[in-house]
Amino acid sequence: MSRKLFVLAATIVGAHLAEALILGVSPAGTFLANLLEVSASVLAAVMCFGASRRARGMARPFWALVGCGMAAWGVANLGWMYYELVLHTKPAADSAVRFFFSVQGIFFAMLLFLDQDKDSARFEPEFLLDFVQIAIVFFFVFLGLYYVPSPQLQQQSISVRRLWMEFGEELAIIALACIQIARTRAPEIRNLYTGFALYFSIFTASSGLSRYLHSLKATPTGTLADLCWTLPFLWGAFWAARWQPSEAKQTARPLGRRTFSGVILTNAFFVLAPLIVLVQVAQFPSEWRILRFSLLGVSILCFAVRVGISAYREAKTAETVRRQALAMDSAADGISIIGESGEHVYVNAAFARMMGHESPESMLGVHWQKIYDSRDVQLIQEQVRKTLEAEGKWSGQISLRRRDGTALPVEMAITSLANGVTACIGHDITARKEAEQARVDAENKYRTLVEQAAAISYIAELGIHGQWHYISPQVEAITGYSQEEWLVSSSDWTRHIPPEDLSVVEAAEAASLRGERFQAEYRIVRKDGAVIWVSDTAVVVSGGYSHPVMEGIIVDITERKLLENQLQQSRRMEAVGRLAGGIAHDFNNLLTIIKGYAELAVQRAGIQPELRADVQQIENAAERASMLIRQLLAFSRRQVLQPKVIDLNAIVLGLDKLLGRLMGEHIEMVTRCGANVGHVKADPAQVEQVIMNLVVNARDAMPKGGRLTVETVNVDLDSAYARDHVAVKPGPYVMLAVSDSGIGMSPETVTHIFEPFYTTKESGRGTGLGLSTVYGIVKQSGGYIWVYSEPGQGTTFKVYLPRVAEQVEAKRDAPEIPEAGQGSETILLVEDEEAVRELASRILSAKGYSVVAAKSTNEAEQLSEKYKGKIHLLLTDIIMPGTSGRELARRITARHPRTRVLYMSGYTDNVLVQGGVLEAGLSFLQKPFTPGALVQKVRDVLDSRVYAE
């Protein structure tokens with residue numbers, strides 16, 4: 001702003017110089033010169049009004065009046081320009097334009113009589129009345145000294161009289177400004193009057209010089225002398241633009257004693273104004289009678305109204321003072337006022353009681369050093385006095401001495417007032433000191449009890465941002481922060497809590513504010529960055545405090561949370577497994593139908609080659625679907641295993657070459673088989689499936705190449721490991737680990753990695769069942785699998801299979817199975833799925849068997865009772881509505897002991913198997929089956945000596 005103002009001022013001055021040198025006193029020059037003078041006055045007025053908007057208190061009307069005075073001069077100069085340019089003459093002695101130039105003085109005189117003791121920015125009624133008084137005085141001075149005598153005087157005498165009148169008015173204003181500077185107490189107001197006195201002195205000197213030059217030679221406006229009017233206004237613009245209100249905090253100005261001389265100086269003019277008007281009226285001719293007595297009446301009326309308003313305000317102030325005194329006398333805190341000599345000039349009843357006096361009067365006139373403790377006197381004289389001089393107030397704890405000599409701890413606020421008076425407000429903190437001591441004693445006892453516990457104990461204020469008063473040393477062991485580090489910023493303790501857990505804490509805090517127990521489980525970020533789970537329990541108690549607080553304990557539950565998460569993951573996988581098993585059962589029935597009829601269609605004589613090829617495609621698709629179902633059964637642990645004692649090293653080494661061919665040249669595969677690795681009991685085909693799936697998964701995780709490691713080793717899982725991994729039983733195991741240096745996985749991905757159909761690969765690569773199959777096989781084999789991975793750090797899968805002491809079984813050559821021939825036996829077929837029942841009946845009937853079909857266990861029992869012949873074989877589904885196939889077999893064989901039993905199902909649901917192993921002596925046919933497999937299995941069971949239990 002200063003730079004723009006400087007450019008604008010320089011432009012006005014430059015235009016003045018150019019006008020004076022080029023145009024001179026020509027009409028254009030006169031017009032431009034007057035316009036520049038008006039512009040300067042308007043610019044100064046705008047800057048003053050801007051300062052008024054920035055100002056506070058009395059400074060606001062001060063700047064407004066300065067701006068109005070400058071603007072009034074500009075309006076008067078417009079009238080002067082009208083006379084010069086339009087009427088081609090100067091304003092006559094009786095012209096209103098000449099009085100308008102004196103209006104500036106009215107505004108300036110008014111600002112010198114602003115009440116400095118009122119810190120208000122409003123224009124109150126007294127202000128308007130005073131303005132009218134000053135305007136009347138200026139008007140009568142103009143009439144009496146200039147306007148009325150001018151008709152009887154020559155033109156030269158009129159000009160001289162006018163110059164001396166204006167010069168006298170300006171000198172009077174400067175003198176009043178200097179008086180205000182001398183008597184003003186506030187530095188900010190003194191600076192305002194000093195700036196005004198300087199500005200108006202420059203204006204008076206410049207205008208006097210201009211009038212003198214014009215008195216020597218009367219010339220129109222347009223000479224260099226016009227700068228005498230413009231420059232003071234530009235100086236005033238800079239003064240207003242650079243002024244800023246004081247940065248000090250605004251406080252109520254203390255009411256000091258108003259001296260008699262100060263009251264006389266403030267009100268003398270308004271008392272003398274009617275007298276001045278009366279003297280001027282007496283000198284006026286009789287033809288001015290109406291005007292002079294009218295204005296005299298207005299002046300007297302203004303004075304009377306002002307006196308009435310002042311009396312009303314004084315009465316109102318007196319009533320306010322009376323009420324404040326009454327309030328001070330009845331205040332609970334002790335209040336005393338010390339005079340300039342150090343003696344008490346006022347003491348309220350509370351202060352007298354605090355000091356052991358019967359009444360306040362007994363303390364009046366007593367020096368403060370006789371009241372205060374001798375140990376605090378030096379403190380007050382040195383530190384308190386310095387603070388009062390610098391800031392005007394001081395607060396802190398000091399000791400007073402009662403009348404009986406006992407010490408009294410007091411929290412004291414001391415404020416410096418005007419004229420050396422000091423106000424003191426003291427609050428007896430004896431009870432608080434005793435409470436603090438009781439709290440310290442209680443904390444010591446509490447600390448002794450709780451600091452040995454394996455949990456954090458604490459005492460804190462209510463509310464989520466409440467201050468913590470105490471926290472036990474265990475905080476350092478659990479969070480990494482020392483007691484001091486935690487307590488110093490305890491009101492912001494929630495910064496240690498992840499944002500997603502804040503709602504839990506806020507809900508618990510809301511409950512504590514209702515007086516209920518605080519209970520929450522949330523995470524805390526330790527000082528080293530690790531995240532732990534804690535359980536926070538607290539109750540609201542009153543204790544030794546003046547208000548309720550919370551006392552509670554914080555327990556580290558990280559291990560418990562880890563086990564809970566593992567248990568939840570295990571339960572989720574179990575639920576998904578049950579769902580997968582149920583789906584597999586229904587799909588196996590459908591696939592049995594598809595594969596059965598497809599094979600019958602292919603075996604049909606005379607089938608066309610094109611049709612045979614189409615049916616074979618159906619068979620191939622059904623076989624691939626069967627593979628998916630077997631993977632689902634493996635995940636759900638509902639497939640029938642053929643476990644045997646195996647050497648895990650032998651299986652890994654046997655697959656080494658095959659696995660090597662699966663790797664590209666960009667992947668280095670390393671196999672490390674531990675020495676003396678123990679034996680495990682598992683289905684060797686399923687173990688191979690586990691290794692294959694894990695290796696393929698690791699290969700796909702390294703699209704840019706890397707290192708893949710397969711290793712085996714004996715491990716012993718102890719109770720500590722079992723505590724960290726839910727469902728793990730301590731004991732000897734063989735560990736199979738498959739590691740890669742690939743892209744790794746995020747924690748979110750790890751939590752879902754074993755779920756069926758969950759895959760991170762792009763569409764078309766993988767079914768999402770590979771790791772699900774691994775999980776199911778390992779779990780059904782009695783083992784455990786864990787995954788360790790971080791993004792960009794690779795992945796490691798660790799499979800733990802129980803180690804056994806048995807020896808590896810020798811391989812046996814598989815016996816040749818003769819092709820099943822025709823049969824003639826009777827078969828009771830029980831199947832709730834109609835299409836499967838019809839297919840099996842058709843296949844067996846075609847082989848010569850007599851088939852009795854039933855769609856439910858109840859119907860099968862009825863048929864077995866009614867059937868007169870011999871039932872050679874019961875072929876039943878295991879999972880059926882109502883009674884299971886196993887229970888049906890027990891009932892049938894009870895009536896027909898020689899009846900053999902063959903079970904069939906999409907999955908067994910642990911009806912026939914224990915831990916995935918078929919019970920001894922039972923025959924089972926896995927769905928989906930082909931017609932050939934069904935006929936062969938039926939023939940084998942009929943030819944065997946195995947009977948149902």
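**Surface patches, salt bridges and loops in a predicted model**

Good morning. I begin with Y212, which at 48% relative accessibility counts as partly exposed; by the cut-offs used here, buried means under 20% relative accessible area, exposed means over 50%, and partly exposed lies in between, with a 1.4 Å probe and protein chains only. Y212 sits in helix α7, which covers residues 187–216. Helices (H or I, at least four residues) and strands (E, at least two) are DSSP runs numbered from the N terminus.

Before I continue, a word on the source. This is a predicted model, in which local features need pLDDT of at least 70 and side-chain atom pairs count only at pLDDT 80 or more, whereas totals for chains, interfaces and linings use all residues. Residues are numbered from 1 along each chain as its sequence is written, and side-chain values use heavy atoms, with hydrogens and water left out.

Patches consist of residues with over 30% relative accessible area and no salt bridge; like charges are joined within 9 Å, and nonpolar side chains (Val, Leu, Ile, Met, Phe, Trp, Tyr) within 5 Å. Accessible areas come from the Shrake-Rupley method with a 1.4 Å probe, and for residues only the protein chains shown count as cover.

Let me turn to the protein as a whole. The protein has 27 helices and 24 strands. It has 949 residues, of which 45% count as buried. Its accessible surface comes to about 48300 Å², and 58% of that belongs to carbon and sulfur atoms. Among contacts between residues at least 6 apart in sequence, 66% join residues at least 24 apart; a contact means heavy atoms within 4.5 Å.

D832, E833, E834 and E838 gather on the surface as a patch of negative charge. Lys and Arg count as positive and Asp and Glu as negative, while His and the chain ends are not counted; the place of a charge is taken as NZ of Lys, CZ of Arg, CG of Asp or CD of Glu.

Next, the salt bridges. Side chains of opposite charge can pair when their charged atoms come close. The rule applied here asks for a side-chain nitrogen of Lys or Arg within 4 Å of a carboxyl oxygen of Asp or Glu, and by this rule the count comes to 17 salt bridges.

One of them links R432 with E436, whose closest N and O atoms are 3.8 Å apart. Why are these two separated by about one helical turn? R432 and E436 are four residues apart in helix α13, residues 430–450. R432 is partly exposed at 33% relative accessibility, and E436 is partly exposed with a relative accessible area of 32%.

Another salt bridge joins the side chains of E865 and R895, at 3.1 Å from N to O. E865 lies in helix α25 (residues 857–866) and R895 in helix α26 (residues 885–895), so the pair ties together parts 30 residues apart in sequence. R895 counts as partly exposed, at 39% relative accessibility.

E887 also forms a salt bridge, with R890, and here the closest N and O atoms are 3.5 Å apart. Both E887 and R890 lie in helix α26, three residues apart, or about one turn of the helix. Salt bridges that share partners join E861, E865, E887, R890, R891 and R895 into one network.

I now come to strand β10, residues 549–556, which holds D556. D556 is partly exposed, at 36% relative accessibility. Leaving aside residues up to four places away in sequence, D556 touches I478, I532, W533 and V534. From D556 to D536 the separation is 20 residues in sequence and 9.1 Å in space, C-alpha to C-alpha.

Finally, two loop residues. G664 is in the loop between α19 (648–662) and β12, and its relative accessibility of 27% makes G664 partly exposed. G664 and R699 lie 35 residues apart in sequence and 8.6 Å apart in space, C-alpha to C-alpha. N676 is in the loop between β12 (667–673) and β13 (679–682). Is N676 buried or exposed? At 73% relative accessibility, N676 counts as exposed. Its phi is near 55°, a positive value in a residue other than glycine.
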